[in-house]
Amino acid sequence: MCLDIGDKRIGIAVSDPFNTYSLPLETYVRKNLKTDLAFTVNLAKEKAATAIVCGLPVNFDGTPSVQTEKARFFIERLKETTNLTVYSVDERCTTVEAEETLIGLGKSRAERKAVVDSLAAANILQGFLNEKNKKELKMDKENKKHHCDCGCEEHHHDENCEHEHCDCGCEDEDIVELTTDEGKKLKFYFVGTIEYKGKNYSAFEPAEQIDGIEDDDLIIFELSGDDEETADLLPIEDEGLLNEVFEEFCRVLEEDELAEEAASLEPDGK
(Lines give C-alpha, C1' and ligand atoms only; values in the text may rest on other atoms or scores of the structure.)
Protein backbone atom coordinates (compact mmCIF):
# COMPACT_ATOMS: atom_id res chain seq x y z
CA MET A 1 0.00 0.00 0.00
CA CYS A 2 1.23 3.50 -0.78
CA LEU A 3 0.49 6.91 0.77
CA ASP A 4 0.80 10.35 -0.81
CA ILE A 5 0.78 12.40 2.38
CA GLY A 6 -0.61 15.95 2.31
CA ASP A 7 -1.73 18.44 4.96
CA LYS A 8 -5.44 17.93 4.21
CA ARG A 9 -5.61 14.68 2.23
CA ILE A 10 -3.78 11.38 1.88
CA GLY A 11 -3.84 9.70 -1.50
CA ILE A 12 -3.83 5.90 -1.26
CA ALA A 13 -2.87 3.24 -3.82
CA VAL A 14 -2.33 -0.51 -3.66
CA SER A 15 -0.48 -3.07 -5.75
CA ASP A 16 -1.78 -6.25 -7.34
CA PRO A 17 -1.10 -9.49 -5.37
CA PHE A 18 2.12 -10.08 -7.34
CA ASN A 19 3.57 -6.60 -6.69
CA THR A 20 3.92 -5.75 -10.37
CA TYR A 21 1.51 -2.85 -10.97
CA SER A 22 -0.22 -0.19 -8.87
CA LEU A 23 -3.87 0.85 -8.63
CA PRO A 24 -5.24 4.12 -7.19
CA LEU A 25 -7.57 3.27 -4.31
CA GLU A 26 -9.04 6.33 -2.60
CA THR A 27 -8.37 9.78 -1.17
CA TYR A 28 -8.65 10.06 2.59
CA VAL A 29 -9.53 13.43 4.15
CA ARG A 30 -7.40 13.92 7.25
CA LYS A 31 -8.96 14.46 10.69
CA ASN A 32 -6.26 14.32 13.36
CA LEU A 33 -3.02 12.38 13.78
CA LYS A 34 -4.48 9.61 15.96
CA THR A 35 -7.47 9.04 13.66
CA ASP A 36 -5.32 9.24 10.52
CA LEU A 37 -2.89 6.62 11.84
CA ALA A 38 -5.69 4.29 12.96
CA PHE A 39 -7.36 4.56 9.54
CA THR A 40 -4.10 3.81 7.74
CA VAL A 41 -3.26 0.78 9.87
CA ASN A 42 -6.78 -0.66 9.60
CA LEU A 43 -6.86 -0.16 5.83
CA ALA A 44 -3.48 -1.89 5.48
CA LYS A 45 -4.88 -4.89 7.38
CA GLU A 46 -8.06 -4.87 5.29
CA LYS A 47 -6.06 -4.90 2.06
CA ALA A 48 -3.60 -7.51 3.42
CA ALA A 49 -0.70 -5.16 2.71
CA THR A 50 2.77 -6.57 3.30
CA ALA A 51 4.45 -3.13 3.46
CA ILE A 52 3.59 0.56 3.33
CA VAL A 53 5.35 2.91 0.91
CA CYS A 54 5.21 6.62 1.76
CA GLY A 55 5.99 9.43 -0.63
CA LEU A 56 8.50 11.91 0.74
CA PRO A 57 8.00 15.38 -0.77
CA VAL A 58 11.23 17.25 -1.46
CA ASN A 59 12.22 20.27 -3.50
CA PHE A 60 12.99 19.76 -7.18
CA ASP A 61 16.73 19.82 -6.45
CA GLY A 62 16.30 17.09 -3.81
CA THR A 63 16.67 19.33 -0.76
CA PRO A 64 14.14 18.96 2.10
CA SER A 65 11.22 21.36 2.48
CA VAL A 66 8.66 22.14 5.19
CA GLN A 67 6.41 19.44 3.70
CA THR A 68 9.31 16.99 3.90
CA GLU A 69 9.50 17.40 7.68
CA LYS A 70 5.71 17.12 8.07
CA ALA A 71 5.66 13.91 6.06
CA ARG A 72 8.63 12.52 8.00
CA PHE A 73 6.83 13.19 11.28
CA PHE A 74 3.76 11.26 10.08
CA ILE A 75 5.94 8.42 8.74
CA GLU A 76 7.80 8.07 12.06
CA ARG A 77 4.51 7.92 13.98
CA LEU A 78 3.23 5.35 11.49
CA LYS A 79 6.30 3.18 12.07
CA GLU A 80 5.49 3.25 15.80
CA THR A 81 1.86 2.25 15.13
CA THR A 82 2.19 -0.59 12.62
CA ASN A 83 4.28 -3.76 12.55
CA LEU A 84 4.63 -3.53 8.76
CA THR A 85 7.81 -2.30 7.08
CA VAL A 86 7.42 1.37 6.12
CA TYR A 87 9.45 2.74 3.19
CA SER A 88 10.07 6.40 2.33
CA VAL A 89 10.60 7.22 -1.35
CA ASP A 90 11.18 10.40 -3.34
CA GLU A 91 7.88 11.66 -4.74
CA ARG A 92 9.14 14.56 -6.85
CA CYS A 93 6.80 15.42 -9.76
CA THR A 94 4.32 12.59 -9.06
CA THR A 95 1.42 14.95 -8.30
CA VAL A 96 2.26 17.05 -11.34
CA GLU A 97 2.29 13.90 -13.48
CA ALA A 98 -1.05 12.82 -12.05
CA GLU A 99 -2.55 16.26 -12.73
CA GLU A 100 -1.29 16.23 -16.32
CA THR A 101 -2.75 12.74 -16.85
CA LEU A 102 -6.16 13.84 -15.62
CA ILE A 103 -6.11 17.00 -17.71
CA GLY A 104 -5.24 14.85 -20.72
CA LEU A 105 -8.31 12.73 -19.96
CA GLY A 106 -10.50 15.85 -19.98
CA LYS A 107 -11.32 15.77 -16.26
CA SER A 108 -12.75 18.93 -14.69
CA ARG A 109 -11.00 20.66 -11.82
CA ALA A 110 -13.46 19.17 -9.32
CA GLU A 111 -12.99 15.70 -10.78
CA ARG A 112 -9.20 16.07 -10.68
CA LYS A 113 -9.25 17.19 -7.05
CA ALA A 114 -11.17 14.07 -6.05
CA VAL A 115 -8.68 11.59 -7.49
CA VAL A 116 -5.36 13.37 -8.09
CA ASP A 117 -3.89 12.34 -4.72
CA SER A 118 -4.68 8.63 -5.14
CA LEU A 119 -3.31 8.75 -8.69
CA ALA A 120 -0.14 10.41 -7.40
CA ALA A 121 0.15 7.61 -4.83
CA ALA A 122 -0.19 5.08 -7.66
CA ASN A 123 2.66 6.82 -9.53
CA ILE A 124 4.85 6.66 -6.42
CA LEU A 125 4.05 2.99 -5.89
CA GLN A 126 4.65 2.04 -9.52
CA GLY A 127 8.12 3.57 -9.41
CA PHE A 128 8.85 1.65 -6.20
CA LEU A 129 7.61 -1.65 -7.69
CA ASN A 130 9.60 -1.17 -10.90
CA GLU A 131 12.81 -0.69 -8.94
CA LYS A 132 12.02 -3.60 -6.61
CA ASN A 133 11.30 -6.02 -9.47
CA LYS A 134 14.37 -4.84 -11.36
CA LYS A 135 16.58 -5.68 -8.38
CA GLU A 136 14.92 -9.07 -7.93
CA LEU A 137 15.48 -10.00 -11.58
CA LYS A 138 19.12 -8.94 -11.27
CA MET A 139 19.53 -11.07 -8.15
CA ASP A 140 17.95 -14.02 -9.95
CA LYS A 141 20.59 -13.73 -12.66
CA GLU A 142 23.48 -13.34 -10.20
CA ASN A 143 22.38 -16.31 -8.10
CA LYS A 144 21.87 -18.67 -11.04
CA LYS A 145 24.23 -21.68 -10.98
CA HIS A 146 26.52 -22.39 -13.93
CA HIS A 147 27.52 -25.94 -14.76
CA CYS A 148 31.17 -26.40 -15.60
CA ASP A 149 33.11 -29.53 -16.58
CA CYS A 150 36.08 -28.39 -14.49
CA GLY A 151 34.03 -28.51 -11.27
CA CYS A 152 35.03 -25.03 -10.14
CA GLU A 153 33.37 -24.24 -6.79
CA GLU A 154 31.07 -27.25 -6.91
CA HIS A 155 29.55 -26.23 -10.25
CA HIS A 156 29.07 -22.58 -9.32
CA HIS A 157 30.29 -19.92 -11.70
CA ASP A 158 33.83 -18.90 -10.78
CA GLU A 159 35.19 -15.72 -12.30
CA ASN A 160 38.73 -16.84 -11.40
CA CYS A 161 38.43 -20.20 -13.18
CA GLU A 162 41.47 -20.60 -15.46
CA HIS A 163 40.63 -24.06 -16.82
CA GLU A 164 40.85 -23.88 -20.61
CA HIS A 165 38.65 -26.98 -20.99
CA CYS A 166 35.70 -25.30 -19.27
CA ASP A 167 33.00 -25.08 -21.95
CA CYS A 168 30.14 -23.75 -19.88
CA GLY A 169 30.61 -20.15 -21.00
CA CYS A 170 31.92 -18.90 -17.68
CA GLU A 171 33.05 -15.74 -19.41
CA ASP A 172 29.34 -14.83 -19.70
CA GLU A 173 27.60 -15.02 -16.35
CA ASP A 174 24.15 -15.04 -17.98
CA ILE A 175 24.78 -18.30 -19.87
CA VAL A 176 23.52 -21.60 -18.41
CA GLU A 177 23.67 -25.12 -19.79
CA LEU A 178 20.48 -27.20 -19.87
CA THR A 179 20.30 -30.93 -20.57
CA THR A 180 17.50 -32.37 -22.71
CA ASP A 181 15.71 -35.66 -21.97
CA GLU A 182 18.00 -37.26 -24.56
CA GLY A 183 21.09 -36.09 -22.65
CA LYS A 184 22.04 -33.34 -25.12
CA LYS A 185 23.51 -30.21 -23.52
CA LEU A 186 22.32 -26.85 -24.87
CA LYS A 187 23.44 -23.34 -23.94
CA PHE A 188 20.91 -20.63 -23.08
CA TYR A 189 20.93 -17.07 -21.80
CA PHE A 190 19.08 -16.88 -18.48
CA VAL A 191 16.52 -14.07 -18.77
CA GLY A 192 14.96 -14.15 -15.32
CA THR A 193 12.33 -15.64 -13.02
CA ILE A 194 8.89 -14.26 -12.23
CA GLU A 195 5.96 -15.30 -10.07
CA TYR A 196 2.60 -15.64 -11.81
CA LYS A 197 -0.62 -16.92 -10.22
CA GLY A 198 1.24 -18.48 -7.32
CA LYS A 199 3.87 -20.32 -9.36
CA ASN A 200 7.40 -19.48 -10.45
CA TYR A 201 8.54 -19.45 -14.07
CA SER A 202 12.03 -19.04 -15.58
CA ALA A 203 12.74 -17.82 -19.10
CA PHE A 204 15.72 -18.49 -21.35
CA GLU A 205 16.95 -17.44 -24.82
CA PRO A 206 19.21 -19.59 -27.04
CA ALA A 207 22.92 -18.79 -26.66
CA GLU A 208 23.79 -20.99 -29.64
CA GLN A 209 22.10 -22.23 -32.79
CA ILE A 210 19.54 -24.89 -31.85
CA ASP A 211 17.43 -26.83 -34.34
CA GLY A 212 13.78 -25.84 -34.21
CA ILE A 213 14.38 -22.75 -32.05
CA GLU A 214 14.81 -19.20 -33.37
CA ASP A 215 17.59 -17.03 -31.94
CA ASP A 216 15.12 -14.59 -30.35
CA ASP A 217 12.65 -17.21 -29.03
CA LEU A 218 11.81 -17.00 -25.33
CA ILE A 219 11.80 -20.50 -23.80
CA ILE A 220 9.74 -20.65 -20.59
CA PHE A 221 9.62 -23.38 -17.95
CA GLU A 222 7.64 -23.80 -14.75
CA LEU A 223 9.78 -24.37 -11.64
CA SER A 224 8.86 -27.50 -9.67
CA GLY A 225 9.39 -25.77 -6.31
CA ASP A 226 10.14 -22.46 -4.59
CA ASP A 227 13.92 -23.03 -4.39
CA GLU A 228 15.26 -21.95 -7.79
CA GLU A 229 18.62 -23.62 -7.14
CA THR A 230 17.15 -27.14 -6.76
CA ALA A 231 13.87 -26.91 -8.68
CA ASP A 232 13.33 -28.90 -11.87
CA LEU A 233 12.34 -27.15 -15.10
CA LEU A 234 8.92 -28.36 -16.22
CA PRO A 235 7.44 -27.77 -19.68
CA ILE A 236 4.18 -25.79 -19.79
CA GLU A 237 1.63 -27.99 -21.54
CA ASP A 238 -1.28 -25.51 -21.37
CA GLU A 239 -0.85 -23.21 -24.40
CA GLY A 240 -3.19 -20.60 -22.91
CA LEU A 241 -1.15 -20.46 -19.69
CA LEU A 242 2.07 -20.34 -21.69
CA ASN A 243 0.79 -17.27 -23.58
CA GLU A 244 -0.20 -15.59 -20.31
CA VAL A 245 3.23 -16.19 -18.74
CA PHE A 246 4.95 -15.00 -21.94
CA GLU A 247 2.95 -11.75 -21.89
CA GLU A 248 3.79 -11.27 -18.20
CA PHE A 249 7.52 -11.71 -18.93
CA CYS A 250 7.28 -9.20 -21.78
CA ARG A 251 5.51 -6.70 -19.54
CA VAL A 252 8.10 -7.01 -16.74
CA LEU A 253 11.01 -6.72 -19.18
CA GLU A 254 9.44 -3.68 -20.86
CA GLU A 255 8.91 -1.99 -17.50
CA ASP A 256 12.56 -2.62 -16.60
CA GLU A 257 13.71 -1.08 -19.89
CA LEU A 258 11.52 1.99 -19.37
CA ALA A 259 12.78 2.38 -15.80
CA GLU A 260 16.40 2.18 -17.00
CA GLU A 261 15.73 4.75 -19.71
CA ALA A 262 14.07 7.10 -17.22
CA ALA A 263 16.95 6.70 -14.77
CA SER A 264 19.50 7.48 -17.49
CA LEU A 265 17.70 10.75 -18.29
CA GLU A 266 17.78 12.02 -14.70
CA PRO A 267 20.64 14.28 -13.51
CA ASP A 268 23.69 12.40 -12.22
CA GLY A 269 21.92 9.11 -12.96
CA LYS A 270 19.67 9.47 -9.92
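**Cores, a helix face and an open sheet**

C2 is buried, with a relative accessible area of 0%. The model described here is a predicted one, and it holds zero disulfides. C2 accordingly takes part in no disulfide, and the nearest cysteine sulfur, belonging to C54, lies 7.1 Å away. A disulfide is a covalent bond between the sulfur atoms of two cysteines. Another cysteine, C250, counts as partly exposed because its relative accessibility is 33%.

The largest nonpolar core has 20 residues, and those touching the most other members are M1, L3, I12, I52, C54, F74 and L78. At least two residues of this core come from each of β1 (2-5), β2 (9-15), α1 (33-46), β4 (51-56) and α2 (66-81). A second, separate core consists of 11 residues, among them Y196, L218, I236 and F249.

Leaving aside neighbours within four places in sequence, M1 is in contact with I12, A13 and V14, with T40, L43 and A44, and with A49, A51, I52 and V53.

Which residues of α2 are buried? They are T68, A71, F74, I75 and L78. Seen down the helix axis, the buried residues of α2 fall within an arc of 130°, so they line one face of the helix. An α-helix has 3.6 residues a turn, and therefore residues three or four places apart point the same way. The buried residues of α2 pack against β1, β2, α1, β4 and β5 (85-90). On the face turned away from this buried side, α2 carries the exposed residues V66 and E80.

Not counting residues up to four places away in sequence, D117 touches D4, R9, G11 and T27.

Elsewhere in the chain, five strands form an open sheet with antiparallel pairing, in the order β6-β7-β8-β9-β10. Strand β9 (residues 219-223) runs antiparallel to β10 and is joined to it by two bridges. Within this pairing, E222 has L234 of β10 as its bridge partner.

Key: Residues are numbered from 1 along each chain as its sequence is written. This is a predicted model: local features need pLDDT of at least 70, side-chain atom pairs count only at pLDDT 80 or more; totals for chains, interfaces and linings use all residues. Side-chain values use heavy atoms; hydrogens and water are left out. Two strands pair if DSSP finds at least two bridges between them. Helices (H or I, at least four residues) and strands (E, at least two) are DSSP runs, numbered from the N terminus. A nonpolar core is a set of buried Ala, Val, Leu, Ile, Met, Phe, Trp, Tyr and Cys residues joined through side-chain atoms within 4.5 Å. Buried means under 20% relative accessible area, exposed over 50%, partly exposed in between (1.4 Å probe, protein chains only). Contact means heavy atoms within 4.5 Å. A disulfide is a pair of cysteine sulfur atoms within 2.5 Å. The arc is that of the directions from the helix axis to the C-beta atoms.
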